[in-house]
Amino acid sequence: MKSLKELSLRIKNIKSVQKTTKIMQMVSAAKLLQSQKKLSNSKLYISKLHKIISLLASSIEQESLTKILSVGSDDSYLIFIIASDRGLCGNFNSSVVKFSQEHINKFITSGKKVDIVFLGKKAFDTGKSRFSPQSILKVENSKGITLQHVSNFIDSVDLSEYNKIKVFYNKFYNTFTQKPILETIKPWSEDSSLIDNSLVDSATDCQYEYEPDNIEFILKSLLENYVKVALYSALLESATSENSARMVTMESANRNTKEMLNKLALLYNRSRQAAITTDLIEVIGGAESL
């Protein structure tokens, strides 16, 4: 049985850890509310943008649309893997990297050229041993990235080299549910996990006039903008999922520390009682011998 001093020191250490996890839980909860607001605004924007593109696509000839959306030979992929720059968020980072590895291996096996961009230091730390160094194009932080940062990064890459652009990220469903998902942002598709059709009012969103009166030119411009907005929306989804996962993880850690403290307190009291009983027996035994 551990000594009273050892038990007392361990209880003190666990209480210190409990304070830290409690603070991290509160900070994550506050950040979750902020990221949810940003995500809500982003979802509204990209849903409306997606609707406008859909309306434009339906108003031009199929041959022209096929030409605009064409991806050529479909042999070159640019892939973004989005996760966190920090840990202490459960399996948040490992789940999206493992999920992406399964798909990327299939792409490579089928003869596709794959370039990978990691957005999140932990994503890179977890995934660098899973992928060929030649496939890793760049590593960037995921924290604090704005739409302007995303726009500058996309402009620095020659997207014409890639037939498809795919994004792996953790989609936020609710506080307790975040799941890794694959989204294709080039070529544009009518189906997208990033949009919410309930946010788009078809009765009011159909009244548009375009200048210049060149729908194909406008559609191409909007599709270029869509890639940037979609990548930024995926980053916001990931940030919201990260804050939620960290809050839940810290809450679980708090619960575990409470259970450990209760067990140690019980053990400490039993040890203390046993020590007192032993002392009494020795005193009584010594008195009787006299």
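Me: Is M26 buried or exposed?

Reply: Buried means under 20% relative accessible area, exposed over 50%, and partly exposed in between (1.4 Å probe, protein chains only). M26 has 53% relative accessibility, so it counts as exposed. M26 sits in helix 1; helices (H or I, at least four residues) and strands (E, at least two) are DSSP runs, numbered from the N terminus.

Me: What should I know about the model itself?

Reply: This is a predicted model, where local features need pLDDT of at least 70, side-chain atom pairs count only at pLDDT 80 or more, and totals for chains, interfaces and linings use all residues. Residues are numbered from 1 along each chain as its sequence is written, and side-chain values use heavy atoms, leaving out hydrogens and water.

Me: Which residues touch the most other members of the largest nonpolar core?

Reply: A nonpolar core joins buried Ala, Val, Leu, Ile, Met, Phe, Trp, Tyr and Cys residues through side-chain atoms within 4.5 Å. Here F80 and L231 do, in a core of 45 residues. Helix 6 (215-289) is one of the elements supplying at least two residues. Helix 6 gives the most, 14 residues.

Me: How many helices and strands does the chain have?

Reply: Six helices and five strands. Their order is α-α-β-α-β-α-β-α-β-β-α. The C-alpha trace spans about 115 × 45 × 25 Å along its principal axes.
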